[in-house]
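Colleague: Could we go through this model together? I would like to begin with the sheet and then move on to the helices and the rings.

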Amino acid sequence: MRLYAIGDVHGRLDLLERMHERIAGEIARDRVADWRIIHLGDYVDRGPHSRGVIDFLIAARKRDERNITLAGNHDMGFLEFLDDPDGGGLFARYGGKETAKSYGVDAKFHSPDALRLSWAELRCEVPGKHRAFMLDLGFSVSFGDFFFCHAGIRPGVPLNRQDPDHLIWIRNEFLDFSGLHPKVIVHGHTITDQPEVLANRVNVDTGAYHSGVLTALVINGAEKRLITAQV
């Protein structure tokens, strides 16, 4: 089985489409019998086309269940905002305006009244199938010697007992740990100029929303390589 793990998209539909085109070309060229495309979360916020990204992923999963979509903290933050608007929360502070704009809403968070109005407009514009998509996102998946999640794991905790909050939020405790984990952790969440390939983890978040570079790890038996989609 060939595995593709795609880093944080953050509204960059153009790069996601290019990445899928590249992957489809490889699968056809190499006549790959079985494969999985694992999306590591953070589909929304910051970039311009969050709505389009979710539509694309819904269609991809409907077309072939081998497209796997995991949750990121921004995806969960979007859901939380739709349920309970918080002007100090992740969505309002870190890229939610761009997400709202992709749904045709000019969101303003500068006052309680503006926040409530923007929230009400956005709730009307977000399709039910988008909320259902985000509610259905898994927090991790494992294949062979590799464990995939958005942010990382808490060292020392068995993989099957990881807290979902850690899987989408953890940073320094995981990043600073130099020992081996039960499996190699493939993640995003923490932006780096270049992908990080270490003995215990691989980070494929190259800040697509501002860098214009979306990165994926390819695992094909003993072969491991990185591919990118760029503008």
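Modeller: A definition comes before the sheet: two strands pair if DSSP finds at least two bridges between them. Strands (E, at least two residues) and helices (H or I, at least four residues) are DSSP runs, numbered from the N terminus. This is a predicted model, in which local features need pLDDT of at least 70, side-chain atom pairs count only at pLDDT 80 or more, and totals for chains, interfaces and linings use all residues. Residues are numbered from 1 along each chain as its sequence is written, and side-chain values use heavy atoms, with hydrogens and water left out.

Colleague: In what order do the five strands form the open sheet?

Modeller: The order is β4-β5-β6-β8-β7, with mixed pairing. At the edges are β4 (140-143) and β7 (196-197), each of which pairs on one side only.

Colleague: How many bridges join β5 to β6?

Modeller: Three bridges join β5 (residues 146-149) to β6 (residues 184-187), and the two strands run parallel. Within this pairing, Phe146 has Val184 of β6 as its bridge partner.

Colleague: Let us turn to α1. What span should the helix have, and how far apart are its end C-alpha atoms?

Modeller: The expected span is 1.5 Å times one less than the number of residues. For the 18 residues of α1 (residues 13-30) that gives 26 Å, and the end C-alpha atoms are 26 Å apart, which agrees.

Colleague: Which residues of α1 are buried?

Modeller: Buried means under 20% relative accessible area, exposed over 50%, and partly exposed in between (1.4 Å probe, protein chains only). The buried residues of α1 are Leu13, Leu15, Leu16, Met19, His20, Ile23, Glu26 and Ile27. Viewed down the axis of α1, these residues fall within an arc of 160°, so they line one face of the helix; the arc is that of the directions from the helix axis to the C-beta atoms.

Colleague: Which exposed residues does the face turned away from the buried side carry?

Modeller: That face of α1 carries Glu21, Ala28 and Arg29.

Colleague: On to the rings. How many aromatic pairs does the count come to?

Modeller: The rule is that rings of Phe, Tyr and Trp (its six-membered ring) pair if their centres lie within 6.5 Å; planes under 30 degrees apart count as stacked, over 60 as edge-to-face and the rest as tilted. The count comes to seven aromatic pairs. One of them is Tyr43 with Phe133: the ring centres are 6.1 Å apart and the planes at 55°, so the pair is tilted. Tyr43 lies in the loop between β2 (35-39) and α2 (50-63), and Phe133 in helix α7 (residues 128-135), so the pair ties together parts that are 90 residues apart in sequence. Both residues are buried.

Colleague: How are the rings of Phe78 and Phe91 arranged?

Modeller: Phe78 and Phe91 form a stacked pair, 5.2 Å centre to centre with 5° between the planes. Phe78 lies in α3 (residues 73-83) and Phe91 in α4 (residues 90-93), so this pair ties together parts that are 13 residues apart in sequence. Phe78 is buried, with a relative accessible area of 0%, and Phe91 is buried at 2%. Phe78, Phe81, Phe91, Tyr103 and Phe109 form one aromatic cluster.

Colleague: Which charged end sits over the ring of Phe109?

Modeller: The charged end of Lys97 does, 6.0 Å from the ring centre. The rule asks for NZ of Lys or CZ of Arg within 6 Å of the ring centre and within 35 degrees of the ring normal. Likewise, the charged end of Arg201 sits over the ring of Phe174, 5.7 Å from its centre.

Colleague: One last topic: how many disulfides are counted?

Modeller: Taking a disulfide as a pair of cysteine sulfur atoms within 2.5 Å, the count comes to zero. Among the cysteines, Cys124 is exposed at 66% relative accessibility, whereas Cys149 is buried at 0%.
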